[in-house]
Amino acid sequence: MNVDVTALPGIGVRKDFQARSGRRIGVVDHRDGGIDLIVSKLDDPDACAAQIPLSTDEAAVLANLLGAPQLVAKLNEDHRDMPGITTRQIPIGADSPYEGRTLGETGMRTRTKASIVAVMRSGQLYPSPGPDFTFTADDVLVVVGTPDGLDAAGKILSHG
């Protein structure tokens with residue numbers, strides 16, 4: 001899929017792509033650091049039907065919402081021929097006992113036989129995090145294991 005990048009003199013840069021629906025969807029990165037989510041009109045790809053200003057935190061959450069499911073779908077496809085193995089997204093909430101603590105402190109693999117294979121944070125993917133990787137609230141962990149192991153991992157990350 002092609003992403004078009006267009007300089008907007010005095011404003012910033014527009015980055016968008018054409019969706020299957022025919023609409024263009026993208027972002028405007030403003031020179032002042034602002035970010036707008038944009039959607040074109042169906043009948044005019046150069047006219048905006050919606051322009052939604054996003055804070056940095058909102059943009060990060062949206063990136064996590066869009067990025068983690070794609071990664072999970074790809075991993076599930078990769079494990080399709082391995083019965084009993086699946087992939088799940090598990091968020092780290094602000095009230096998680098592991099917020100601000102490291103992956104190693106969870107003892108995840110030893111306790112559940114499930115593996116944390118990636119972390120999505122603020123739109124950034126951190127593949128294969130090591131034991132010293134520190135979790136923060138709103139991280140989305142991509143975990144691979146058996147259904148029972150994934151259930152146990154979710155309980156550990158939310159309750160300790």
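**View 1. Thr 106 is buried, with a relative accessible area of 1%.** Buried here means under 20% relative accessible area, with exposed over 50% and partly exposed in between (1.4 Å probe, protein chains only). The model is predicted: local features need pLDDT of at least 70, side-chain atom pairs count only at pLDDT 80 or more, and totals for chains, interfaces and linings use all residues. Residues are numbered from 1 along each chain as its sequence is written, and side-chain values use heavy atoms, leaving out hydrogens and water. Thr 106 sits in helix α2 (residues 103-106). Helices (H or I, at least four residues) and strands (E, at least two) are DSSP runs, numbered from the N terminus. Leaving aside residues up to four places away in sequence, Thr 106 touches Tyr 98, Arg 111, Phe 135, Ile 156 and Leu 157. Contact means heavy atoms within 4.5 Å.

**View 2. Five strands make an open, antiparallel sheet.** Their order is β1-β2-β3-β4-β5. β1 (4-8) and β5 (48-54) are the edges; each has a single partner strand, so one side of each lacks a neighbour in the sheet. From one strand to the next, the twist averages 20 degrees. Axes are lines fitted to C-alpha atoms, for helices over the stretch in contact, and angles run from 0 to 180 degrees between N-to-C directions.

**View 3. β3 (residues 24-30) pairs with β4 (residues 35-40).** The pairing is antiparallel, over five bridges. Two strands pair if DSSP finds at least two bridges between them. Val 28 has Asp 36 of β4 as its bridge partner.

**View 4. β7 and β8 form a hairpin.** Two residues lie between the strands. Ser 122, in the turn, has a positive phi of about 50 degrees. β7 (residues 115-121) and β8 (residues 124-127) pair in the antiparallel sense over four bridges. Arg 121 has Gln 124 of β8 as its bridge partner.
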